[in-house]
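Here is a short briefing on selected side-chain contacts.

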Amino acid sequence: MESNSSPSENTVHFIINHGKSKYDLCLEKSCTIGKLQLDIERRSEIPISKQKLIHKGKSLTSGELTLTDAGITNGSKILLLGRKENDEDPVVQQLAPLEAELIKIQSKYQQTHANLTGIKQGFLPQEYSQNGFELNMKKMKLIEEDCIQLMEKVDAIDVDETNVVGKQKRKMLITKIQKQLAEIDRFVEEMEQK
């Protein structure tokens with residue numbers, strides 16, 4: 001049996017919202033959620049496995065469900081949650097071990113901070129306190145030097161202007177290192193005044 005209906009009767013026009021991005025779609029009403037996810041993957045570069053679609057507060061999980069069955073009508077808005085795969089970005093790959101290095105530096109800082117605070121609060125016998133204080137202050141200076149060297153490594157990574165993700169990751173790491181350096185400086189100054 002042939003249908004005399006116009007294409008607009010067989011299609012549905014709706015919007016996919018993902019963060020600041022919006023995708024206007026017009027698909028057949030009989031299109032499945034699985035096919036919709038393929039279309040979204042093509043447009044947004046978010047893999048199907050990372051996508052979560054929400055319509056009217058309900059998660060669209062069944063790939064076999066049609067748009068009509070899911071209650072998607074003209075003007076519907078669907079929320080897309082998920083992220084692109086950035087593991088293949090060479091800048092992100094270069095920054096990952098440097099982030100791990102910062103975590104180690106932060107751990108050393110916390111330990112040395114605790115040692116110095118304990119010494120200043122008198123938790124070490126008097127005959128050991130001066131030697132322990134000097135030793136831990138030297139460690140703190142070495143931690144500060146490690147931060148500076150790490151900053152130089154991050155700064156040496158070349159990021160193309162079009163690589164938004166790489167630029168953001170690099171900037172975030174530099175900001176974390178700067179905060180760590182500022183914290184070290186404040187603490188050393190505080191310890192030297194006491």
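A disulfide is a pair of cysteine sulfur atoms within 2.5 Å. By that rule, the count here is zero disulfides. Keep in mind that this is a predicted model.

**Cysteines**

- Cys-26 takes part in no disulfide. The nearest cysteine sulfur belongs to Cys-31, and it is 11 Å away.
- Cys-31 is likewise in no disulfide, with the sulfur of Cys-26 as its nearest cysteine sulfur, 11 Å away.
- Is Cys-26 buried, exposed or partly exposed? Its relative accessibility is 49%, so Cys-26 counts as partly exposed.
- Cys-31 has a relative accessibility of 11%, so Cys-31 counts as buried. The cut-off for buried is under 20%.

**Aromatic rings**

- The count of aromatic pairs comes to one.
- Tyr-109 and Phe-187 form this pair, with ring centres 6.4 Å apart. Their planes meet at 85°, so the pair is edge-to-face. Planes over 60 degrees apart count as edge-to-face.
- Where do the two partners sit? Tyr-109 is in helix H3 (residues 90-120), and Phe-187 is in helix H5 (residues 164-193).
- The partners are 78 residues apart, and the pair links distant parts of the chain.
- Both Tyr-109 and Phe-187 are buried.

**A charge over a ring**

- Which residue lies over the face of Phe-133? Lys-120 does, at 4.4 Å from the ring centre.

Methods. Residues are numbered from 1 along each chain as its sequence is written. This is a predicted model: local features need pLDDT of at least 70, side-chain atom pairs count only at pLDDT 80 or more; totals for chains, interfaces and linings use all residues. Side-chain values use heavy atoms; hydrogens and water are left out. Buried means under 20% relative accessible area, exposed over 50%, partly exposed in between (1.4 Å probe, protein chains only). Rings of Phe, Tyr and Trp (its six-membered ring) pair if their centres lie within 6.5 Å; planes under 30 degrees apart count as stacked, over 60 as edge-to-face and the rest as tilted. Helices (H or I, at least four residues) and strands (E, at least two) are DSSP runs, numbered from the N terminus. A charge sits over a ring if NZ of Lys or CZ of Arg is within 6 Å of the ring centre and within 35 degrees of the ring normal.
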